[in-house]
Amino acid sequence: MSFSYRRRRRHDDQHVDDWLMTYADMITLLLCFFAIFLSVSIPKKEQFEQARQEVMKQFAAQDVLEGKFPPRPEQPQSTSNDPFDKLPSFIDKYKGQGLGMGKVDVTRGKRIITIAMSSAPLFPVGTADLSIEGQQVLSDVAGIIQDRKYADYRVTIEGHTDDSPINTPRFPSNWELSTSRAAAVVRFLISQGVRPDRLRAAGYADAFPKAPNRDAAGKSIPENQALNRRVVVKLEKIQSEDEE
């Protein structure tokens, strides 16, 4: 009995050892497999670069291959929210060309755009009847006023004269002449589609000259008088309650 027990136990121990050897072999094979799989999955740097070049040859332009990338398109500059900086091309066309030649002078303030025009090309001397040239210039002005950026601007038309006296049945003084010219401009702007409720007309005769009409001796200065004979279109932003 004793001999038989020892023999069976030795046989069982040998069976357990065989199982452990088989398991260890399997684990070793798995480790080898994953090591090989991992080495194949990670491409070498040279192989990756070669593949990248092949793709670029197929899909990229020659200048890209040589590192000469096309310039990036210029991004549009941010536009200012200040409507004074968005005046139509009319302003650039006339600005700084001299009031004496019937052109336009533009100034700006915090809330006001002022467009001053010589009355010479707008009206014949001593009248308030718009000339053809004057209508052309005022058509451009109407385009500015009707721009949606200026929808909340009130428009005042001012008539100004020099100090040369006038006395006709229609215009007993420069007050009537300046006021009639402002009204004529208002009527023309309305005919161009500007809403009447946005417009005002005011005549100031020679009360607000841009330059002295006469020298110290009282002699007239023709150049200054030409500057003073003008029509002013004033766009004034209406102040909201929140801004007050």
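Reply: Buried stands for a relative accessible area under 20%, exposed for over 50% and partly exposed for what lies in between, with a 1.4 Å probe and protein chains only. The model is predicted, so local features need pLDDT of at least 70 and side-chain atom pairs count only at pLDDT 80 or more, whereas totals for chains, interfaces and linings use all residues. Residues are numbered from 1 along each chain as its sequence is written, and side-chain values use heavy atoms, with hydrogens and water left out.

Me: Why is Y150 called buried?

Reply: Y150 has a relative accessible area of 0%, which is to be set against the limit of under 20%, and Y150 is therefore buried. Y153, at 2%, is buried as well.

Me: What makes the pair of Y150 and Y153 edge-to-face?

Reply: Rings of Phe, Tyr and Trp (its six-membered ring) pair if their centres lie within 6.5 Å, and planes under 30 degrees apart count as stacked, over 60 as edge-to-face and the rest as tilted. By this rule there are two aromatic pairs. The ring centres of Y150 and Y153 are 5.5 Å apart and their planes lie at 70°, so the pair is edge-to-face.

Me: Why is the pair of Y204 and F208 called edge-to-face?

Reply: The centres of the Y204 and F208 rings are 5.3 Å apart and the planes are at 80°, so this pair is edge-to-face. Y204 is partly exposed at 27% relative accessibility, and F208 is partly exposed at 49%.
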